[in-house]
Amino acid sequence: MMDYRPLYPAPLRLLSNLVDISLVLGGGAIVLLVFVNAFLRGAAGFDLAWSLEVTAFLLLWTTFLGCAAAMARGAHMRVTEIVESLIPKRGQRVLSIAIDIIIVGVLLSLIVTGYSISQHTWAQKTTVLYWPVGLLYASMPVGIALSLIFHLYNFYTDLRNMPDPQSPHHTDGADAEELL
């Protein structure tokens, strides 16, 4: 795993930091809302009806923003042991590039699909707060678009710094400072 954020230009680092701040605030708000609502239900015999809608919104938005944060950190799961033991170095390089291109295609597909879902549900309103339901579903194309931005830069960085298959040196992210 390689944390790409130290290699990002300033605007991309700022974007990553804003995503992280949003995750902290969203996660904190979810915990607070759930705790307060459970306390009120148990202690006072009533709950805050709107808190369920807000919590649902926050959960979806933090999920997709979390996807972008994981992409910036290079933290998405990869199983490399089989590939490294069965495929020669040159083949691993080709496979890595192919996988990154496939990821771009999947992310683009998710953005288009998420946008379509959000657009088609925008006129519907939630039952308590009367917020557009499309705002809930907009979390997908927004979070995935941010993921795509980070992935494209990560892909570019990997292509630029990909070791020569004939070289015994292997870049595993432990030498990220050298790339600066």
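This is a predicted model: local features need pLDDT of at least 70, side-chain atom pairs count only at pLDDT 80 or more; totals for chains, interfaces and linings use all residues.
A residue is called buried here when its relative accessible area is under 20%.

Helix α4 covers residues 89-121, and its 33 residues should span 48 Å at 1.5 Å a residue. The C-alpha atoms at its ends are 48 Å apart, so the two values agree.

The same check works for α1, which runs over residues 10-43. Its 34 residues should span 50 Å at 1.5 Å a residue, and the end C-alpha atoms are 49 Å apart, which agrees.

Which residues of α1 are buried? They are Leu-12, Ser-16, Val-19, Asp-20, Gly-26, Ile-30, Leu-33, Asn-37 and Leu-40. These buried residues pack against α2 (49-73) and α6 (139-161). Just after α1 comes Gly-45, with a positive phi of about 80°.

## A nonpolar patch on the surface

Now for the outside. Leu-14, Leu-18, Ile-21 and Leu-25 make up a nonpolar surface patch, and together they have about 410 Å² of accessible area. An α-helix has 3.6 residues a turn, so residues three or four places apart point the same way.

Ile-21, one of the patch residues, lies in helix α1. Is Ile-21 exposed or partly exposed? Its relative accessibility is 47%, so Ile-21 counts as partly exposed.

Methods. Residues are numbered from 1 along each chain as its sequence is written. Side-chain values use heavy atoms; hydrogens and water are left out. Helices (H or I, at least four residues) and strands (E, at least two) are DSSP runs, numbered from the N terminus. The expected span of a helix is 1.5 Å times one less than its number of residues. Buried means under 20% relative accessible area, exposed over 50%, partly exposed in between (1.4 Å probe, protein chains only). Contact means heavy atoms within 4.5 Å. Patches are made of residues with over 30% relative accessible area and no salt bridge: like charges are joined within 9 Å, nonpolar side chains (Val, Leu, Ile, Met, Phe, Trp, Tyr) within 5 Å. Accessible areas come from the Shrake-Rupley method with a 1.4 Å probe; for residues, only the protein chains shown count as cover. A salt bridge is a side-chain nitrogen of Lys or Arg within 4 Å of a carboxyl oxygen of Asp or Glu.
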